[in-house]
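Dear colleague,

I am handing over the structure we spoke about, and below it you will find my notes on what turned up when I went through it. Please read them with the coordinates open beside you.

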Amino acid sequence: MNELLPLPVLLPLLAAAVKIILGPRHPRLQRTISVAVLAAVLAVAVALLLDADRSGAQVLQMGGWPAPVGITLVADRLSALMLVVSSAVTLCVMVYAIGQGTADRDHLTPLSVFHPTYLLLVAGVADAFLAGDLFNMFVGFEIMLMASYVLITLGGTLPRIRAGTTYIMVALSSSMLFLVAIAVLYAATGTVNLAQLSDRIAALPPGTSLVAELVLLTAFGVKAAVFPLSMWLPDSYPTAPAPVTAVFAGLLTKIGIYGLIRAETLLFPDDRARDLLLVAAMLSMVVGVLGALVQVDVKRLVSFTLVSHVGYMVFGVALQSAAALTATVFYVLHHITVQTTLFLVTGLVERRGGSTSLERLGGLARTAPLVGLLFFVPAMNLGGLPPLPGFLGKLGLFQAGLEDGGPLALTLVATAVVTSLLTLYALVKVWNRAFWRAPAAPGPPSGAGSFSGAAPLYEAVSPAAASRAGGAGPGGADGGEDDPGEGLAHRTARLPAPMVGASMALIALGLSYTIGGGPSWR
Amino acid sequence: MSAGAGLLAAGGGGASGGTVALAVTGGALVTAGIAMLLERSLTRLVVGILLLGNGVNLLILTGGGPAGRAPILHGGPPEAAHRPMADPLPQIMILTAIVIALASAAFVLAIAYRSGRLGGEDEVRDDIEDRRVARRRGGMRAERERRAIAGPADPIDPDELGAPEAPDAADGRDAADGRDGGAGEGGR
């Protein structure tokens, strides 16, 4: 069955090539290809997970070249699980983007640019998860980043260019650091294969391995947006279109976390970086959530909560006990889903309210009760109310921290509890301002003084798009699915069915971890 | 430079004179690249990234150990026939890294061009949303204080706050604002 291993990388790459050849022609065919390919990747990922669970890690040496020279693909339970969740999330986001593209006549997500680039991103993500050697992981990162540069500057407006330059420069610098780490490890051990590295690093002099570890942790820390290295994130994410921000927030930072998990468990299982990581985790939590509290733009607010919740995952990685890592993996899966959902729903809020600024939103609970419900569930999930999976993940981390019992671990548990409450406070603030208070002003908002760069472009499109989507409701769902959201979408005035359906599917996936997450705790 | 030092230490027994020179050159390129990365102009940033990338590539090359015969292919100059084959893996990695650096540089140059067309220059600008949030709060507090003491309403000093007066000017067409912001960011 390990012949399946290259498929999650190859399928999206081939599909992207086909789409570049097709260009803007045959839009319906192109949408079908996108959805079909992503669904196929999901199916392959599920098959790989079942295989890895039943018969151990699946390994494929590409082209039959043995390990130190050839490219190795590995799907163990961790990477297969990450692949399954990331495929499910990318599929939902693609359906959402198609819904948005159909409704807006592709103003925000042009078919000939967005679709191939997005598929490249998916290929890069899959390659990073499946890579069995450090250099291939680097290549996976680069494919993903190169696609993300295009996606974050989509449309090329000035605010997006500004946000994009920050993002690109930070990403390029961290890639260079990653390359330095690879150079150090290769010079010291003569291999980049992860399995061989884990054997040989133990024999290195401690100074050399510490240098390699710190450089690698810094590179992954930038990707994961751990506190001192996180300043780029809230400045660059919010300006991109909703589907792009959603998939970035959900997946890209988690790949950094995945790298951290691999580095700390496989390559450097000693706990020399433990205190450093614990302090970084604590600062991420505190700084992130304090940043979130003062924001007035929903997208920025959610971006800051992302930074603070990265702290939870780093906390689990730093503790390194089996219980902590189990909880971390569970939390990563939960967080990929819930963060993506929140950004998608923020896109819906923007569509209904005409803005993402808390100063101008209001009364959405009455005018758009469905959006209210869609926002409320993932918000409470992120805030960690029982019995939602956000609570279970945090509970697991707290238990691991208490078991550990060190002074720093206990401090972190206390910090994490406070952070969790403050997150809840920030999200409830959004809920109160945007959904519960009386509508700010009747009629559509004027285009003045928007906060995110996407908004002016958006508002120019919005009224026309809304009326068009109403007319195109039954026919406009051609790229989507016949989901239960369609009936509801009609009642809540003209939200495209695929967008609502994709958000609902993600919420359902997020909630299903409460029931289905049990096996991952073994 | 620390990476270069680490490599020298790690290279250990295999390091001949040539490798040391390569490592030192690589370190120098990395240093120069990082110095360029601290600039604000996008074209300089591209040069910085390229220098940094080349420096790191040299470091990878030193990781391959001493020079030898051309890898995989047989033949080569007869005086090198007795020497062992050079390690091909760093060369493959460098090739990949060069391609990636090329693509990145091309994209950043395109962004610089676009930025220049839109904003008149290719400088990286700060995101001023955070300062706007701070200003909003500070402004509200100042307003309240003014009401409390009922004194003369002197306007908020825009230089002090480092943000433009009108929120709409935030697209950063105002180049001076970007530089002010830079000074403010650096000060923090």
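Which residue just after α15(A) takes a positive phi? The residue is A:Gly384, with a phi of about 90°. Please keep in mind throughout that this is a predicted model.

Most of α15(A) is covered, since 11 of its 15 residues count as buried; among them are A:Leu370, A:Val371, A:Leu374, A:Phe375, A:Val377 and A:Pro378, together with A:Asn381.

Helix α2 (residues 27-55) has 29 residues and spans 42 Å between its first and last C-alpha, close to the 42 Å expected. Its buried residues include A:Gln30, A:Arg31 and A:Ser34 as well as A:Val37, A:Leu38, A:Val41 and A:Leu42. An α-helix has 3.6 residues a turn, so residues three or four places apart point the same way. After α2(A) comes A:Gly56, whose phi is positive, near 80°. Helix α21 (residues 497-516), with 20 residues, reaches 27 Å from end to end by C-alpha, close to the 28 Å expected, and α21(A) is mostly covered, with 14 of its 20 residues buried.

A:Ala225 has a phi near 60° and lies in the loop between α8 and α9 (232-236) of chain A; because 26 C-beta neighbours fall inside 10 Å, A:Ala225 counts as buried. For A:Gln320 the phi is near 65°, and this residue sits in the loop between α12 (298-319) and α13 (322-353) of chain A. Is A:Gln320 buried or exposed? With 20 other C-beta atoms within 10 Å, A:Gln320 is buried, given that the cut-off for a buried residue is 20 or more.

Turning to packing within chain A, the axes of α5(A) and α6(A) come within 10 Å and cross at roughly 175°, which makes α5(A) roughly antiparallel to α6(A). On the α5(A) side the contact is made by residues including A:Phe135, A:Phe138, A:Phe141, A:Glu142 and A:Leu145, and on the α6(A) side by residues including A:Arg160, A:Tyr167, A:Ile168, A:Phe178 and A:Ile182. Sorted by class, this contact has 15 nonpolar, 2 polar and 2 charged residues.

The contact takes 40 residues from chain A and 41 residues from chain B. On the side of chain A that touches chain B, the elements giving two or more residues are α5 (134-152), α6 (158-189) and α8 (206-224), and α6(A) gives the most, with 20 residues. That side of chain A has 26 nonpolar, 9 polar and 5 charged residues.

How are α6(A) and α3(B) oriented to each other, roughly parallel or roughly antiparallel? The axes of α6(A) and helix α3 (residues 42-63) of chain B come within 8 Å and cross at roughly 10°, and the two helices are therefore roughly parallel to each other. Among the residues making this contact are A:Met169, A:Leu172, A:Met176 and A:Leu179 of α6(A), and B:Leu45, B:Ile49, B:Leu52 and B:Val56 of α3(B). The residues of this contact divide into 15 nonpolar, 4 polar and no charged.

Lastly, chain B itself has 7 helices and 0 strands. Of its 188 residues, 32% are buried, and residues 24 or more positions apart account for 59% of its contacts with a separation of 6 or more. An unreviewed UniProt entry carries the annotation "transmembrane region" for residues 20-38, 45-64 and 92-113 of chain B. In the model, residues 20-38 are 95% helix and 0% strand, with end C-alpha atoms 27 Å apart, while residues 92-113 are 100% helix and 0% strand, with end C-alpha atoms 32 Å apart.

With best wishes

Note on methods
Residues numbered from 1 in each chain as written. Chains lettered and ligands numbered in written order. Predicted model: local features only at pLDDT ≥ 70, side-chain atom pairs only at ≥ 80, totals over all residues. Contact = placed C-beta atoms within 7 Å. Helix = DSSP H or I, 4+ residues; strand = E, 2+ residues; numbered from the N terminus. Nonpolar A, V, L, I, M, F, W, Y, C, P; charged D, E, K, R; others polar. Axes fitted to C-alpha atoms, helices over the stretch in contact; angles between N-to-C directions. Parallel < 35°, antiparallel > 145°, perpendicular 65-115°, else oblique. Buried ≥ 20, exposed ≤ 12 C-beta atoms within 10 Å, placed from the backbone. UniProt positions renumbered as here; feature names shortened; annotations may be inferred. Expected span 1.5 Å × (residues − 1).
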